[in-house]
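The structure is shown below.

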Amino acid sequence: MLALNRSAIVVRPQSPLLDWLHTVDPTSASITLVNLTQEPTIYLVTECDDSADEETCLQAVYSTIFEDQLDGWWRDRTMWPTPRSLAVFRRWFDCQFHSMLLDLTDEPLFEEEV
């Protein structure tokens, strides 16, 4: 078993994202918050040892995460909310940091651009 030199942020959408999605995409009317939060996205980030590190990290990556989350639901950037500040991000998403990441497989890690 290997410990990875990363932390993880588990990101779950909150009701403001759902409200926005329902506004921009009429076909999303049947999507609920439960649907949105069932399988959260997990982002690997720099190791964070304490809450101060987590705050610094979040300030550095929130914009990328915000855009990735929006792009996953609606690609037309002209319909994305503005501003997309850290304060707005915190309302739209619940973030939970994890500092212990263990790799339980023998398979090699590989990088793939998404």
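## Salt bridge at an exposed arginine

In this predicted model, R75 counts as exposed, at 63% relative accessibility. R75 forms a salt bridge with D71, in which the closest N and O atoms are 3.5 Å apart. D71 is partly exposed, its relative accessible area being 23%.

## Salt bridges between separate parts of the chain

The whole structure contains four salt bridges. In one of them, the side chains of E55 and R90 meet at 2.6 Å, N to O. Because E55 belongs to helix 3 (residues 51-73) and R90 to helix 4 (residues 86-92), this pair ties together parts that are 35 residues apart in sequence. E55 is partly exposed, with a relative accessible area of 29%; R90 is partly exposed as well, at 41%.

A salt bridge also joins the side chains of E67 and R84, with an N to O distance of 3.8 Å. This pair links distant parts of the chain, 17 residues apart: E67 is in helix 3, and R84 is in the loop between helix 3 and helix 4. E67 counts as partly exposed at 26% relative accessibility, and R84 counts as partly exposed at 26%. Together with R77, E67 and R84 are linked in a network of salt bridges.

## Surroundings of D103

D103 lies in strand 5 (residues 102-103). With a relative accessible area of 13%, D103 is buried, because buried means under 20%. Apart from neighbours within four places in sequence, D103 is in contact with M1, L2, L4 and L109.

A polar atom of the D103 side chain lies 3.1 Å from the backbone nitrogen of T105. The C-alpha atoms of D103 and V114, eleven residues apart along the chain, are separated by 21 Å.

Methods
Residues are numbered from 1 along each chain as its sequence is written. This is a predicted model: local features need pLDDT of at least 70, side-chain atom pairs count only at pLDDT 80 or more; totals for chains, interfaces and linings use all residues. Side-chain values use heavy atoms; hydrogens and water are left out. Helices (H or I, at least four residues) and strands (E, at least two) are DSSP runs, numbered from the N terminus. Buried means under 20% relative accessible area, exposed over 50%, partly exposed in between (1.4 Å probe, protein chains only). Contact means heavy atoms within 4.5 Å. A polar contact is a pair of N or O atoms within 3.5 Å; within protein, one must be able to donate a hydrogen and the other to accept it, and residues adjacent in sequence count only if both atoms are side-chain atoms.
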